Amino acid sequence: HYYQESGRAGRDGDKADCILFYAYKDKKVLEMMIRKSSTNPFSAATKKKIDQLYTCLRYCENEFLCRRTMQLEFFGEKFDRANCNKTCDNCRNGKLAEKKDLSDLARTVLQMLKEVQTQKNGRGVTLVNLSGLLKGSKGKNVTKFINTMSLTGYGAGSKYIKADIDRIMHSLVFQGILVEISEESGAGFSADYVQEGEKAPLLLRKQIKFFVDFPKSPPKETTKKKAEAATKSSSKPAAKMKKKKQQSSAKSAAASSSKKQAKSKSSIVDVSDFVDDDDDDSDDDDLGEAIFDRKVGSKSKTPEKTVLPKEHTEKLMERIKRLVSMWADEERMSGNNVFYWNIMSNQAMSALAAQVPTSIPELSDLGKLGETVIQDYGERLVKNITAYIKQENLEKYVERRRAAKRPRKGKENDRPGHVNDEGSEFDAAGIDFAAIELPDEVSNAAPASAAAAAAPAATKPGKKDGNGTKSSYF
């Protein structure tokens with residue numbers, strides 16, 4: 001299932017982290033389930049399932065090969081590690097493998113296993129016990145019923161750390177030299193006991209070899225090279241060092257000055273980016289901040305401008321994602337198979353963090369969420385965003401955004417008395433005075449000039465005419 005889930009991740013173009021939680025003891029449970037579900041625990045079909053389980057275990061414990069290479073090899077495809085671009089943990093860590101031939105040590109382990117089984121009179125030996133004896137442990141839980149003085153191989157792996165001992169013992173199981181068989185006790189408890197695997201006879205007859213990959217140690221500098229480097233660095237003339245120091249001081253002062261200028265410039269917020277103004281020729285687009293500096297899976301070359309500084313935009317994005325995840329958890333607790341991406345996509349959450357809507361109308365104007373989502377979660381979402389703005393004292397950025405969206409003065413359509421459409425009966429305020437019915441006493445007392453001004457008003461169907469016919473208002 002992990003192969004399929006990790007393949008689906010990131011299909012929306014956003015960065016995705018696929019994390020697999022693993023412990024070797026999980027193998028015990030899974031292998032027991034496979035064997036119990038089969039009528040013949042040692043049939044070919046069961047063996048195939050066990051081999052697939054071991055393939056997954058090797059995938060988990062491998063620290064050197066590219067994860068994507070191993071995944072695609074599982075499906076019969078080839079993948080060049082150079083195309084991974086360090087998107088998996090192994091490629092990022094950059095560990096190099098050093099293959100070591102431990103065939104002699106493996107034969108020693110097989111001999112030790114046989115002697116331990118003899119000394120314990122048929123009692124089972126677990127992989128943990130065998131690892132402790134190989135390491136030379138003196139713990140009572142390891143040496144109980146065992147005479148370590150006469151035991152072949154006791155302490156043969158004392159030079160290895162515990163992690164390397166586990167690496168060796170697990171590799172013996174994965175390569176079929178050892179096998180763990182689950183046995184149930186009379187009390188109903190089960191335990192995995194070690195026995196010789198199908199490839200153990202081949203190893204004992206030296207027909208095959210046993211190799212294990214270890215992390216390659218970085219090359220160490222020789223004492224001679226360190227001494228040469230120290231001598232070379234101390235042999236520089238004092239005058240040259242002094243001159244270099246002066247140049248460095250001058251560069252530092254210049255850099256400090258330029259940083260201050262850049263800081264003062266970047267503190268200015270270009271609110272013109274929020275104004276829908278075709279006549280604005282401002283070129284200050286570089287002052288806006290991008291929501292994220294993404295490299296993998298980026299869909300747009302033009303980053304979205306944000307209302308808040310980048311740091312707060314990212315924090316708000318995480319806050320919104322946690323909030324939506326909580327809503328998804330509530331839905332699942334109610335029996336609905338809903339995940340956070342079913343409620344809100346990552347692109348929508350990014351847009352919310354960038355534009356910071358603080359009301360339902362602003363949330364609707366973004367056009368990123370459907371009506372149902374706004375109806376179900378809009379109030380809580382806006383309330384949470386507003387709370388973050390107040391907690392971090394970011395009201396000034398939101399106010400600048402609002403001020404920038406207001407229409408600018410001096411436009412042609414904003415002039416008093418301007419008529420939008422030629423021949424319209426409405427004035428600049430949009431009022432049709434001809435449709436207003438005045439009381440008789442007011443119209444009788446009105447000045448002659450007002451009566452004269454009202455007389456030319458055209459009588460329209462459905463409106464009040466000179467005879468007092470009542471009309472329907474617009």
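## Residue classes and basis of the model

Ala, Val, Leu, Ile, Met, Phe, Trp, Tyr, Cys and Pro count as nonpolar, Asp, Glu, Lys and Arg as charged, and the others, Gly among them, as polar. The model is predicted, with pLDDT of at least 70 needed for local features and 80 or more for side-chain atom pairs, while totals for chains, interfaces and linings use all residues. Residues are numbered from 1 along each chain as its sequence is written, and side-chain values use heavy atoms, without hydrogens and water.

## The cavity

One cavity of 30 Å³ or more is present (a set of points, on a 1 Å grid over the protein atoms alone, where a 1.4 Å probe fits but cannot get out; lining residues have an atom within 4 Å of a point). The largest cavity has a volume of about 40 Å³, a volume being the space filled by probe spheres set on the grid points.

K28, E31, M32, R35, E180, I181, S182 and D192 line the largest cavity; by class, two are nonpolar, one is polar and five are charged. Helix α2 contributes the largest share, four residues, and at least two each come from α2 (26-36) and β2 (178-184). Helices (H or I, at least four residues) and strands (E, at least two) are DSSP runs, numbered from the N terminus.

Helix α15 (residues 346-355) is largely enclosed by the rest of the structure, because nine of its 10 residues are buried (under 20% relative accessible area, 1.4 Å probe, protein chains only). Among them are N346, M349, L352 and Q355. V356 follows α15 and has a positive phi, near 50 degrees.

T313 lies in helix α13 (residues 310-333) and counts as buried, at 0% relative accessibility. The T313 side chain reaches the backbone oxygen of L308 at 3.2 Å.

Conventions
1 Å grid on protein atoms, 1.4 Å probe; cavity = no way out; pocket = protein on both sides within 12 Å on 5 of 7 lines; lining within 4 Å. Buried < 20%, exposed > 50% of the residue type's maximum accessible area, 1.4 Å probe, protein only. Polar contact = N/O pair within 3.5 Å; in protein donor to acceptor, adjacent residues only side chain to side chain.
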